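Reader: I would like to go through this model with you and ask, for each label, what it rests on.

Author: Please do, and I will set each value against its definition.

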Amino acid sequence: MMTPTTTNRIVRVNQDRLWSTLMELAAIGAYTDQASGLTGVNRQTLTDDESAGRHLVVAWMKDAGLSVRIDRMGNVFDRRPGTDSDAAPVMAGSHIDTVATAGAFDGCLGVLGGIEAIRTLNESGIHTRRPIE
């Protein structure tokens, strides 16, 4: 049995960049609740705000070097190839659409956290055996 050679090193995501992308996406569909004064997000499926958010996230995916495909239902998938193209992919993600009174992180952190992980792997020169979707 062969054991791959690895280098032990600490790799950290760019938390400022992740926060920035979260806040940029949260601005799309943002509203202030009159009763509480709190800011929320209303980016419901099939609205102009959801479309704008989708276009922004797809641009970030492409900027990270990912191939992007959209299925017939409008679900967006991205892919970072691995060294073994036949290996099952590692999946990450969630959703960017919201209910009428959502917060900035529901679903979005799963999507943007995945993109940030890819950015970090790319910047660190780390190649994975499995593709990442």
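Reader: What makes Asp78 count as buried yet without a salt bridge?

Author: In this predicted model, local features need pLDDT of at least 70 and side-chain atom pairs count only at pLDDT 80 or more, whereas totals for chains, interfaces and linings use all residues. Side-chain values use heavy atoms, with hydrogens and water left out, and residues are numbered from 1 along each chain as its sequence is written. Asp78, which lies in strand 4, is buried (under 20% relative accessible area, with a 1.4 Å probe and protein chains only). A salt bridge requires a side-chain nitrogen of Lys or Arg within 4 Å of a carboxyl oxygen of Asp or Glu, but the nearest side chain of opposite charge, Arg79, is 8.9 Å from Asp78.

Reader: Which residues is Asp78 in contact with, leaving aside its neighbours within four places in sequence?

Author: With contact meaning heavy atoms within 4.5 Å, they are Met61, Leu66, Ser67, Val68, Ile115, Ile132 and Glu133. Met61 is itself among the buried residues of helix 2, and what covers those residues includes strand 4 (76-79).

Reader: How do you know that the span of helix 2 agrees with its number of residues?

Author: The expected span is 1.5 Å times one less than the number of residues; the 16 residues of helix 2 (residues 48-63) should therefore span 22 Å, and the end C-alpha atoms are 23 Å apart, which agrees.

Reader: Why is Met23 called partly exposed?

Author: Met23, in helix 1, has a relative accessible area of 32%, and partly exposed covers values between the buried limit and the exposed one, which is over 50%; Met23 is therefore partly exposed.

How values were computed: Helices (H or I, at least four residues) and strands (E, at least two) are DSSP runs, numbered from the N terminus. Lys and Arg count as positive and Asp and Glu as negative; His and the chain ends are not counted.
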